[in-house]
Amino acid sequence: MFNLAGLQLIFIGIVVQLDLFNAGIDGTGLGLVRHHQKLGKIFEVSCLHIPPKDRTPFTDLVKLVERTIRSEHDASPDRPIYLVGESLGACLALSVAALNPDIDLELILANPATSFSKSPLQAVLPLLQFMPDSPNLSLPHILSTITGAMVASLEKGVGGLPLPQTVEKLSRDIIEPSVSNLSVLADILPRETLLWKLQMISTASSYANSRLHAVKAHTVILSSGRDPLLPSQEEGQRLKSLLATCLVRTFEDCGHFLFLEDAFDMLTVIKNVGIYRRSKERDFVSDYIPPSPSEVKGIMEKNRWVNIIMSPVMLSTLADGKIVRGFAGIPTEGPVLYVGYHMLLGFEIVPLVTQLLEQKNVHLRGIAHPMMFLKMKNGSLPELTLYDDFRLMGAVPVSGKNFFKLLSTKSHVLLYPGGVREALHRKGEAYKLFWPERSEFVRMAARFGAKIVPFGAVGEDDIGDLLLDYEDQMKIPFLRKSIEDLTAEAAKVRSTVDGEIGNQAMHLPGIVPKFPGRFYYKFGKPIETAGRKQELRDREKAHELYLEVKSEVEKSLAYLQKKRESDPYRNLAARLQYQAIHGFTSELVPSFDLD
């Protein structure tokens, strides 16, 4: 249970924090409307509202937000404060962060107006100063004209038409999809107010840019791919290079008003990037927010093609040793520890996690390599966006502390003792276990009475052939240099282990794709540790159980490799023919006969 003492807002046991939304270009905080209900369940949400007729200078707005966060910080010095800003609000958040490096802040910034100097809006400023007030010059008309071609047309007119008719004609001819949101703001920002806002953005941009070097807060930049007002994607990369700690997420199909887009969900982004925490340091177990039904559905839909193409065969073992199709042999109540073989590049993970969740309602939480959670600023490791779904589903960095906490909360935990060495194995090493000699997980499982489910998964050799492995790449100078750089950057796990088990060299194997075969999984009979805590404190007894688990995994691998030879639907072509007749549902495709 969380310690909820003294908190102002409580929802399903999750601690409150301050989430201060900064107003965007409109100054109303309108972008909060679509998100406040979800955010309000885990945050205490405040919103900065700037009335249309307000003319408070930018520096005074900075002081206003400073006073707010300083008050919150003084009241709860051990809690982070989240500043969320869009456009102008992003400049405001950066400025406040630069002036308050001693306060623990998390910045979430959408399409920051720090790029205002490169915006086509610059050309509108002098025009607005000379535009008369006119019904034809509403905000949608003005802002829908902000592309390079239209600004040029504004400056010279179209067909000799006067300026108001020029604006109207261009507004009809060229209008961005995102401009539909502008109709809400048409009455809020008349020409005079818009002029003031643009002048303020210009000031805010200069102010924030001059202080970027002082920003120490962790920052997430959200960039729209179709922003007609600001070069947001380019700016996201620029800020990433300048800020001390910065992540960038790009939304290719979204316009400038990102927070109003149907495809954008603020809480999902917070979960994906892994920045939710309730204290100085993030607790990957107690700070974890499970995915919502809509988020689970999104992950399922995104990965459904994998299950359709690979049509995984799932087998489990009942208490009496009988092998059955499906997950009838899988325990429902935790804690449960799933220990198995790591296919090449971890190909087995997606079907394993999604099928267990969909068919058994078991939410697996994986023990993962630290590179899924941390990347050096100018490093060569894969971008963290690649692992967003893994973090959303609750993966945690490998450590004894996280392992302990997962089992203590009765979680279903996925563990690969072979780690990187097994997932990046060499030619001729398929289905070979690279487990350390020491029984790393047995006594921990026994401490909490966790059931251990050994499992095997085969099929990597049915989707591709390993052409260029570690040994091959180390013979090529530029690839050897790449491997050395990646390995040096990656957090070292088992750095004290000698030999091949400790060889955690990071590289991308060269694989030649094959016409897809099929994935097969076999879960062994659950091994009970309840009541054996004292017995398994003995290292020899624990090691015996460790070897038993390892042996069961090897037996499962051997069983699946043998049995798949008699599967008439091992080949994709045969399955497609079957599915064309019976429907494209992987569970319906038969396989081999069980013993």
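This is a predicted model: local features need pLDDT of at least 70, side-chain atom pairs count only at pLDDT 80 or more; totals for chains, interfaces and linings use all residues.
Okay, let's start at N361, which sits in the loop between α12 (349–360) and β10 (364–368). Residues are numbered from 1 along each chain as its sequence is written, and side-chain values use heavy atoms, with hydrogens and water left out.

Back to N361. What is its phi? About 60°, a positive value, although N361 is not a glycine. Most residues other than glycine have a negative phi, and most peptide bonds are trans. N361 has 63% relative accessibility, so it counts as exposed. By the cut-offs used here, exposed is over 50% relative accessible area, buried is under 20%, and partly exposed is in between, with a 1.4 Å probe and protein chains only.

K410 has a positive phi too, near 60°, and K410 is a residue other than glycine. Look for K410 in the loop between α14 (400–408) and β12 (412–415). With a relative accessible area of 57%, K410 is exposed.

And the peptide bonds? A cis one joins G334 and P335, with omega at about 0°. P335 is in the loop between β8 and β9 (336–340).

Let's zoom out for a second. The protein has 20 helices and 16 strands. How many of its 595 residues count as buried? The share is 56%. If you take the contacts with a separation of 6 or more, 79% of them come from residues 24 or more positions apart; a contact means heavy atoms within 4.5 Å.

Now the sheet. Eight strands make an open sheet with mixed pairing, and the order is β8-β7-β16-β13-β9-β12-β10-β11. Two strands pair if DSSP finds at least two bridges between them. Which strands stand at the edges? They are β8 (323–325) and β11 (396–397); each has a single partner strand, so one side of each is left without a neighbour in the sheet.

Follow β7 (residues 313–317) next. β7 runs antiparallel to β8, joined by three bridges, and T317 has I323 in β8 as its bridge partner. The two strands form a hairpin with five residues between them, and G321 in the turn has a positive phi of about 90°. β7 also pairs with strand β16 (residues 520–523), this time in the parallel sense, over three bridges. There, L315 has K522 in β16 as its bridge partner.

Is β7 covered on one face or both? Both: V313, L315 and T317 are buried on one side, and M314 and S316 are buried on the other.

Another pair of strands: β5 (residues 218–224) and β6 are parallel, over six bridges. S224 has F251 in β6 as its bridge partner. To get from β5 to β6 the chain goes through helix α9 (residues 232–242), and this β-α-β crossover is right-handed. Right-handed means that, with the strands pointing away from the viewer, the path from the first strand over the helix to the second runs clockwise. As for β6 itself (residues 246–251), five of its six residues are buried, so the strand is largely enclosed by the rest of the structure.

On to a helix, α18 (residues 477–489). It has 13 residues and reaches 18 Å from its first C-alpha to its last, close to the 18 Å expected at 1.5 Å a residue; that expected span is 1.5 Å times one less than the number of residues. Which residues of α18 are buried? L479, I483, L486 and E489. They cover an arc of only 135° around the axis, which puts them on the same side of α18; the arc is that of the directions from the helix axis to the C-beta atoms. The face turned away from that buried side carries the exposed residues P477 and A488. Among what covers the buried residues of α18 are β14 (464–468) and α17 (470–473).

Last bit: cysteines. C91, at 0% relative accessibility, counts as buried, and C246 counts as buried at 11%.

Notes. Helices (H or I, at least four residues) and strands (E, at least two) are DSSP runs, numbered from the N terminus.
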